[in-house]
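Here are my notes on the model you sent over. Have it open while you go through them.

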Amino acid sequence: MQPKLICVGNTTLDRVWLIDRLPSGGGKFPAHDYLELGGGMAANAAVAVARLGGACAYWGRAGDDSAGRVMLAEMAAYGVDVSQFRLIPDARSSVSGIMVGGDGERMIVNFRGEGLDTDPGWLPMAQIPGCDALHGDVRWPEAAALCFAAARMHRIPTVLDGEIASAEVFGMLLPLVDHAIFSEPGLRAFAGGATDSDEARLTALRRVRSLGCRVAAVTRGREGVLWIDEAGVHRQTAFAVEVVDTTGAGDVFHGAYALAIAEGSMVDVAMRFASAVSALKCTGKGGRAAIPTRERTLQFIREREGAGPAPAP
Ligand SMILES: Nc1ncnc2c1ncn2[C@@H]1O[C@H](COP(=O)(O)OP(=O)(O)OP(=O)(O)O)[C@@H](O)[C@H]1O
Ligand SMILES: [Mg+2]
């Protein structure tokens, strides 16, 4: 049976101009390429789940503008259920303008959007008992809190993308979520100070668990993942790959992890699966185009871990 997931939260559009050199002042500059790429934590996670063979719905909103329509069409083309992706009249989407120079240097300007309602009252909560896992992010905390609370009532596992957020947002979401997986900047924001040693990371993660999360984790890019659960402290090293672009690695990690949890995988198996998916994603351009299939991921894990069968998430 195909697992069913819901990803609720942020979607944003990256408009990318590839140019020879980043300008140091005003003027006109020719671009040799141009890309429009959907991004955002929950949106990328939803695309990852669909690409890996799960049935995934994205719950979120954007403006009823050109960026919103591009994001919706792209997500639908990846096979995500977009029936709860609302384009709000008179609101404006979150958009980034990105200029990339020939040396890979980037200039990013983000507009967070305008007029996007925060009230999640329109979300079809009756669908939550029918899903196998729910993923939320910190950019639409009112919706994530509502959905996490409903999922907990129905014993459906929940996963939070712990990116940078205020103490108020963490205080609202962490007591409601089962698996809180932070990025390094997100954990630092939660801790309210430096978390650059394992001791400091573990202190912060223990605090996260004391709020009620079963699993508290931090992803550390090429340094892998560190987490604690009821059995203690664990690590998963990152898979070494030829990195082309790490955009969205964290978002994709969360989607793959939530899918494995939806399928009933143990936490260490889910962490390994998500690490392999996100490492493979880094071998191609963009946040979505290089997300591997499940078959490719399992083959990759088998190649890296020797002849034994990979535990199938
Ligand atoms: N250079 C890399 N090589 C191999 N795996 C990587 C690399 N970068 C990221 N990953 C994998 O992706 C996971 C998530 O990456 P990271 O910790 O950078 O997320 P993040 O900080 O949330 O980034 P973002 O949200 O911008 O994608 C890592 O734990 C690792 O498994
Ligand atoms: Mg992230």
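1. Ground rules. This is a predicted model, so to speak with its own thresholds: local features need pLDDT of at least 70, side-chain atom pairs count only at pLDDT 80 or more, and totals for chains, interfaces and linings use all residues. Residues are numbered from 1 along each chain as its sequence is written, chains are lettered from A and ligands numbered from 1 in the order in which they are written, and side-chain values use heavy atoms, with hydrogens and water left out.

2. Who sits around the ligand. There are 20 residues around ligand 1, and Thr 219, Gly 221, Ala 249, Gly 250 and Ser 278 come nearest. To count as near, a residue needs a heavy atom within 4 Å of the molecule. Sorted by class, the shell has eight nonpolar, eight polar and four charged residues. The classes go like this: Ala, Val, Leu, Ile, Met, Phe, Trp, Tyr, Cys and Pro are nonpolar, Asp, Glu, Lys and Arg are charged, and the others, Gly among them, are polar.

3. Polar contacts to the ligand. The term covers a pair of N or O atoms within 3.5 Å; within protein, one must be able to donate a hydrogen and the other to accept it, and residues adjacent in sequence count only if both atoms are side-chain atoms. Glu 163 puts a polar side-chain atom 3.1 Å from an oxygen atom of ligand 1. Ala 249 uses a polar backbone atom, 2.9 Å from a ligand oxygen, and a backbone N or O atom of Gly 250 lies 2.7 Å from an oxygen of ligand 1. As for cover, the protein takes 83% of the 620 Å² of accessible area that ligand 1 has on its own. Those areas are Shrake-Rupley values with a 1.4 Å probe; for residues, only the protein chains shown count as cover.

4. Which elements give two or more residues to that shell? They are helix 7 (249-262) and helix 8 (267-281). The largest share, four residues, comes from helix 7. Helices here are DSSP runs of H or I with at least four residues, strands are runs of E with at least two, and both are numbered from the N terminus.

5. Helix 9. Residues 294-305 make up this helix of twelve residues, and its first and last C-alpha are 16 Å apart, close to the 16 Å expected at 1.5 Å a residue. The expected span is 1.5 Å times one less than the number of residues. Arg 294, Thr 297, Leu 298, Phe 300 and Ile 301 are buried here, where buried means under 20% relative accessible area, exposed over 50% and partly exposed in between (1.4 Å probe, protein chains only). Down the axis of helix 9, the buried residues fall within an arc of 155°, so they line one face. The arc is taken over the directions from the helix axis to the C-beta atoms.

6. Helix 2. Here too there are twelve residues (66-77), reaching 17 Å from first to last C-alpha, close to the 16 Å expected. Its buried residues are Ala 67, Gly 68, Met 71, Glu 74 and Met 75. They cover an arc of only 135° around the axis, which puts them on the same side of helix 2.

7. Positive phi. Most residues other than glycine have a negative phi. Asp 90 has a positive phi of about 70° although it is not a glycine. Look for Asp 90 in the loop between strand 5 (85-88) and strand 6 (95-100); at 79% relative accessibility, Asp 90 is exposed. Arg 155, also not a glycine, has a positive phi of about 55°. Arg 155 is in the loop between helix 3 (141-153) and strand 9 (158-162) and is exposed at 77%.

8. Strand residues to check. Val 8 belongs to strand 1 (4-8) and is buried, at 0% relative accessibility. Arg 106, in strand 7 (106-111), is partly exposed at 42%.
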